[in-house]
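Here's a quick briefing to read alongside the model. Have the sequence and the coordinates open as you go.

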Amino acid sequence: MASGKEIRTQIASIKNTQKITRAMEMVAASKMRKAQERMAATRPYATKIHNVIQHLAFAHPEYKHVYLQDRAETKRVGYIVVSSDRGLCGGLNNNLFKTALKDIKTKIDQGLEVDICTIGKKATSFFGRLPVNLTGQVVQLGDAPRPHELIGAVKVMLDAYESGHIDSLYLVFNEFVNTMTQKNKVVQLLPAAPEKPSAEMSHHWDYIYEPDAKEVLDHLLVRYIESLVYQGVVENIACEQASRMVAMKSASDNAGDLIDDLQLVYNKARQASITQEISEIVAGAAAV
Amino acid sequence: MAMTIHVDIVSADTSIYSGLVEAVFASAVMGEVGIYPRHTPMLTRLKPGEVRILLNGKQEQFYVSGGILEVQPNIVTILADTALRADDIDEAAALEAKADAERSLNERGAKMEYAEAQIKLAEAMAQLRSIERMRKGKGH
């Protein structure tokens, strides 16, 4: 049985750990609120550009953009995997990677090749270890990424799509449902498949394009994909903070339980030693 | 009351303006455009410059660093860029992302060596431990 002093130092070290986890929990909680606000702030742009793309699908442009066309044959697919830069956020990243791997495996089973572009350190180190083709990466985005920090990663994939190197593109990220629930999501970015036109919009009309349809549409669709990826990244950050908050809360709780148990053991040991001393003294007195 | 048109000015990380106005002016790539209610549908790129809205005879100004202007009969949407964009800057960012990926692929080799070294270290430690146990056994 451990001696009193050993147990005391153990309790002290667990208490220190508990202080750290509790601090991390509180930091994550406040960061989560900010991340949620940021998520709400990015939503108007996402919905607006989505509306424009929808309108565009109803219009009858003379120029069909390559992002909107289905490819007859798919040989190679691209994935953009969004993860956090830091760990200690429960199973968030691992669950996401599992979902991604499952999806990737079905593609490989179909005889397709896979290109991966990673956002966040965790995804980079995870997919860096696997025998997959890593074509781009962005790390160290921080808590408040700016849209233009993602351009590089997105452009690598868009260029690959345009040149016919990949035939479809998917985005893998965590969707923020609420603090307790985050959903792994795999969404198709390219080819972008707009919904069917509604009756009111289906009459024949078209925009005036300035300077011309090709240039405007090229520009617009790149922005559209970028906004989808940005939205995914921002949402993933909110998920990261929520998940870290929950993980750190349960760590603090577990530390509390451990301390209680150890305290009990310590008290028993102390009592036992006192009892023993008394009985020794009594025995000694009786012998005299 | 003059006829109004709904205007939304949004950038990727915030909503800049949303509401009914009498007219909106913006600097498109082909020149300045003024949009009044019931304008024909139009889609155009914007140059870096100011967007002005006219409301109750008063003008309000916003600066956008480029973007896209969409006009529907009753709604105008301005999708503003958050940063100045140019093809060569985009290209540089793409190259950087690619170079980063290549670097971590190269590091993969280094990681393998590290893993091998770790295994060897673990073996050596196991050997040391067993030697120690044998010594203790003799001492008894």
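Where in chain A does Pro191(A) lie? Pro191(A) sits in the loop between strand 5 (182–190) and strand 6 (208–210) of chain A; helices (H or I, at least four residues) and strands (E, at least two) are DSSP runs, numbered from the N terminus. This is a predicted model, where local features need pLDDT of at least 70 and side-chain atom pairs count only at pLDDT 80 or more, while totals for chains, interfaces and linings use all residues. Residues are numbered from 1 along each chain as its sequence is written, chains are lettered from A and ligands numbered from 1 in the order in which they are written, and side-chain values use heavy atoms, with hydrogens and water left out.

**Chain A overall**

- Chain A has five helices and six strands, and along the sequence they come in the pattern α-β-α-β-α-β-α-β-β-β-α.
- The radius of gyration of chain A is 28 Å, whereas a compact globule of 288 residues would come in near 19 Å (taken over C-alpha atoms; the globule rule is 2.2 Å times the number of residues to the power 0.38).
- Along the principal axes, the C-alpha atoms of chain A fill a box of roughly 115 × 40 × 30 Å.
- Of the 288 residues of chain A, 46% count as buried (buried means under 20% relative accessible area, exposed over 50%, partly exposed in between, with a 1.4 Å probe and protein chains only).
- Chain A exposes about 14500 Å², and carbon and sulfur atoms supply 55% of that area (Shrake-Rupley method with a 1.4 Å probe; for residues, only the protein chains shown count as cover).
- Among contacts in chain A with a separation of 6 or more, 79% come from residues 24 or more positions apart (contact means heavy atoms within 4.5 Å).

**Strands 2 and 3 of chain A**

- Strand 3 (residues 133–138) of chain A has five of its six residues buried, so the rest of the structure largely encloses it.
- Strand 2 (residues 113–119) of chain A runs parallel to strand 3 of chain A, with five bridges joining them (two strands pair if DSSP finds at least two bridges between them).

**Thr118(A)**

- Thr118(A) belongs to strand 2 of chain A, and its bridge partner in strand 3 of chain A is Gln137(A).
- Thr118(A) counts as buried, at 0% relative accessibility.
- Leaving out residues up to four places away in sequence, Thr118(A) touches several residues, including Val81(A), Phe127(A) and Leu134(A).
- Its side chain makes a polar contact with the side chain of Thr124(A), at 3.0 Å (a pair of N or O atoms within 3.5 Å; within protein, one must be able to donate a hydrogen and the other to accept it, and residues adjacent in sequence count only if both atoms are side-chain atoms).

**Cis peptide bonds in chain A**

- The peptide bond from Leu190(A) to Pro191(A) is cis, with omega near -10°.
- Glu210(A) and Pro211(A) are also joined by a cis peptide bond, with omega about 0°.
- Pro211(A) is in the loop between strand 6 and helix 5 (213–287) of chain A.

**Positive phi in chain B**

- Arg38(B) isn't a glycine, yet its phi is positive, about 65°.
- You'll find Arg38(B) in the loop between strand 4 (31–35) and strand 5 (42–55) of chain B, exposed at a relative accessible area of 65%.
- Asn56(B), another residue other than glycine, has a positive phi near 55°.
- Asn56(B) lies in the loop between strand 5 and strand 6 (58–72) of chain B and counts as exposed, at 57% relative accessibility.
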